[in-house]
Amino acid sequence: MTTAVRPRVRKERPRKPWTPTQIVLTLLGVAVSAVFVAPIAAALFTSLKSEAEAAEIPPHWLPRTFTTQAWRALWSTGNIGDWFINSLVVSVLVTAIVLTVAALAGYGFARTEFRGKKALMGVVMSGLMVSPAVLGVPLFTTVQQMGMVDTYWGMILPQCAPAAMVYILYKFFQGIPHELEEAAFIDGAGRWRVFFTIVLPLSRPSLAAVGIFTFIASWNNFLWPYMVTNNPDLMTMPNGIATVMNSYGIQWAQLMAGGLMAGLPLIVVFVFFQRQIVAGVAHTGLAGQ
C-alpha cells in the first residue's frame, strides 16, 4: 500500500523592514542614476522634436508632436554609414595594436631584466604626464612627412602609444606567481610559449578592460582625426557630426540624433562588457590607488 507524499510547502519568510542606511543608499543611487540618465533622455526627446520646437526658449522636455524628421534629415544630408564604418575600422585596429604592444611591453617590464630597464620604464611612464594636445603639432608634422595624411594609418598609428595601458598590464603581470613560469621553464617551455599559453590566458580580465578602454577612447577621439583628415569619406563619427553642425547651422534636433548615433555603440559595449571592466580594474591592482 502506497502513501501519498505531501508536497512540502515552502514558507516565505517575512521581509525585513529596510534600515535607514538602506533607504539613504537607495535614494542616493536613484539620484545619481537620474543625473546620468537625464542628458541621454533630453537628447532623445530633443531628437524627436521638429527643428523649430527644439530651438524654443525656454526649452521643454517632451515634444508636443513626436517626429523623426531630424533622424531622416541626418541620414539624407550626412554620410552616416561611411562615418560609422570609418570609426569602427579605426577603433578596432587601434584596439588590436594597443593590446599587442601593451601586453608585450608590460610583460617585458614585469618579467625580464635588461640594461636600462628603469630608465626606459621612466620614459614610458612620462607619457602619462604629457597631454595629447601638446603632441598634436609634432605628430602632424611627422605624419605629413610620412605621407599618411588623409589615410587610415595616419589616424591609427599616432593613437597606439599606450603608456597607461602598458602600466595597467605591467601591474597585473607583476601579480602572477613566478612559480607558474618556473614550472613551465623546467618542463622545457620557452619564454614565448610561457607568454602565450600561461600568461595571456590568466590575463583575460585585464586584457578585456584594456581593450574596452582603448576602444572607447579611440571611438570618442575628435581632435586627432580632425587634424589629420580633410577627406569627407574618411571622417569618423565625431568629426562627421561636427561638419553637419557647421554646414547647416546649429540644428539641435539633428545634433542630438547624431550624438545618440555616435554614443549607441559605446552604450552597447558598456552594457555587455561591464563585468569585464570591473573585473579588469580589480585584477590590475589599481582599484585602491
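Axes are lines fitted to C-alpha atoms, for helices over the stretch in contact, and angles run from 0 to 180 degrees between N-to-C directions. Helices (H or I, at least four residues) are DSSP runs, numbered from the N terminus. The model is predicted: local features need pLDDT of at least 70, side-chain atom pairs count only at pLDDT 80 or more, and totals for chains, interfaces and linings use all residues. Residues are numbered from 1 along each chain as its sequence is written, and side-chain values use heavy atoms, with hydrogens and water left out.

**Exercise 1.** Determine how α4 and α10 pack, and which residues make the contact.

Solution. Step 1: helix α10 comprises residues 191-202, and its axis lies 12 Å from that of α4, at an angle of about 105°. Step 2: α4 is therefore roughly perpendicular to α10, given that angles under 35 degrees count as roughly parallel, over 145 as roughly antiparallel, 65 to 115 as roughly perpendicular and the rest as oblique. Step 3: with contact taken as heavy atoms within 4.5 Å, α4 contributes Ala103, Leu104, Tyr107 and Arg111, while α10 contributes Arg191, Trp192, Val194, Phe195, Val199 and Leu200. Step 4: these residues comprise eight nonpolar, no polar and two charged; Ala, Val, Leu, Ile, Met, Phe, Trp, Tyr, Cys and Pro count as nonpolar, Asp, Glu, Lys and Arg as charged, and the others, Gly among them, as polar.

**Exercise 2.** Describe the packing of α4 and α11.

Solution. Step 1: α4 (residues 80-111) and α11 (residues 204-220) have axes 8 Å apart and an angle of about 140°. Step 2: α4 is therefore oblique to α11. Step 3: the contact of α4 with α11 holds twelve nonpolar, six polar and no charged residues. Step 4: among the residues that meet are Phe84 and Ala103 in α4, and Leu207 and Trp219 in α11.

**Exercise 3.** Describe the packing of α4 and α8.

Solution. Step 1: for α4 and α8 (residues 163-174), the angle is about 45° and the axes are 8 Å apart. Step 2: the two helices are therefore oblique to each other. Step 3: the contact includes Tyr107 and Arg111 of α4, and Met165 and Phe173 of α8. Step 4: by class, twelve nonpolar, two polar and one charged residues form the contact of α4 with α8.

**Exercise 4.** Which helix gives the most to the lining of the largest pocket?

Solution. Step 1: the contributors of at least two residues each include α4, α8 and α11. Step 2: α11 gives the most, with four residues. Step 3: the lining divides into 21 nonpolar, seven polar and no charged residues.
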